[in-house]
Amino acid sequence: MEPILRPLYLKRIEPMIDTEFIKVITGVRRSGKSYLLLMIRDQLLKRGISEKQIIYLNFENPEYFDLLDYRKLYEYLKKKVDKSKKTYFFFDEIQEVHEWQKLINGLRVAFDSDIYITGSNASLLSGELASYLTGRYVQIPVLPLTFREYLKFKNYEQDDPARHFNDYLEYGGFPSVVLQDNNQLKRDVLSGIYNSILLRDVAGRATIKNTEVLERVGLFLLGNAGQLISINKIANTLRSSGFKISNNTIEAYLNLLQDAFLFYKVPRYDIRGKELLKGQGKFYAVDLGFVRSQLRRERINRGSKIENLVYLELLSRDYEVFVGKYDTKEIDFVAKNDSDTLYIQVTNQIPQNNTRETDNFLHLPTGYRKIIITNNWDDVGVIDGIEVVHITDFLIK
């Protein structure tokens, strides 16, 4: 299959090609990291780099199972490198290699090289890698397909985007799912991805033998997207179902689920005090398809799914995202980057004769853009000077 073109990420990586920094591409399993490596390789070939200068290894390929120790891998690579030329190393799922951090640092020192690695766990950027490569790596987070990418991938760019929004909202943006036309097959593929991540990238790495509690924590997060959640709340819910579980174990499981990029925790931010608040936060799934495939309920709160989707879109646009609090008012999202701050409310539709969505904006600092994102075309326009946009317009513009 041809690599999925993802200019959003290529644009970020291209200025880093041939720099000294290790390019660390992270993201949930099956999100497209391997295809991104192939796209970078193609860019190098277009620039005139010889194929002999490019070494690509996928450590989930049985062909390389004998090289999962860093010493054996180094001996293998030494024979492949032409020291008279620059070498481009591409290592897919590098965390499979024992003590891989030593290898990456050694290659950087030993050869004139440009190094790209991918991994499906946030621990990739902690511990020894940080100590070996402080200031010498850049992270490129990868997500499943955005709605714009989905439309392009399906050749729907000339269609009305609203026609295809429901399918995207239900089944998400994993490339291997988007490829399928049968809805049952989509759900089966999604279940396979979710279970693989949960059992392999979470339970397997943490050697969790009884996975039932872990599975229940995941289902709780999927069913409560957009709700303020505390460790106590999860623990009490599980205890009421007969599970004997400590708060410390719940906290550990939440960290593991985040490390596998299965869920993202969004902290609360005090807009008036300009500081992060401890305790409760909101959790969002990395892909909306998991809600459909794992909960298997027909009537899942649509507003919370749209809120989840807006969060993922903001991430893809390089915003740092918080849940806003201003006195007693809650703002769904405060999104910040180097040049911009957005205040966002998300709703399936604005209730008639109800000003709650706009009231939450009343006392916020002036000079920043305030947006209400809705799934109801009749809401679109301007209310009390606040822009109201449809979710599909927000996603594609």
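## Basis of the values

The model is predicted, and local features need pLDDT of at least 70, side-chain atom pairs count only at pLDDT 80 or more, and totals for chains, interfaces and linings use all residues. Residues are numbered from 1 along each chain as its sequence is written, and side-chain values use heavy atoms, with hydrogens and water left out.

## Salt bridges

Side chains of opposite charge can pair when their charged atoms come close. With a salt bridge taken as a side-chain nitrogen of Lys or Arg within 4 Å of a carboxyl oxygen of Asp or Glu, the count comes to 25 salt bridges. Helices and strands named below are DSSP runs numbered from the N terminus (helices H or I, at least four residues; strands E, at least two), and burial is given by relative accessible area (buried under 20%, exposed over 50%, partly exposed in between; 1.4 Å probe, protein chains only).

E149 and R6 form a salt bridge in which the closest N and O atoms are 2.8 Å apart. Because E149 belongs to helix α6 (residues 147-153) and R6 to the segment before α1 (7-13), this pair ties together parts that are 143 residues apart in sequence. E149 counts as buried at 12% relative accessibility, and R6 is buried as well, with a relative accessible area of 2%.

A salt bridge also joins E170 to R292, with 2.6 Å between the closest N and O atoms; E170 lies in helix α7 (residues 162-171) and R292 in helix α13 (residues 289-295), 122 residues apart. Here E170 is partly exposed, at a relative accessible area of 21%, whereas R292 counts as buried at 11%.

The side chains of E60 and R200 meet in a salt bridge of 2.9 Å, N to O. E60 sits in the loop between β2 (54-58) and α3 (70-80) and R200 in helix α9 (residues 183-204), so that the pair ties together parts 140 residues apart in sequence. E60 is partly exposed at 27%, and R200 is partly exposed at 38%. Both residues belong to a network of salt bridges that links R29, E60, E96, R200, D201 and R205.

D18, a residue other than glycine, has a positive phi near 70 degrees; D18 is found in the loop between α1 and β1 (22-27) and is partly exposed, with a relative accessible area of 38%.

D327 is not a glycine either, yet has a positive phi of about 55 degrees. The place of D327 is the loop between β9 (320-326) and β10 (329-336), where D327 is partly exposed at 38% relative accessible area.
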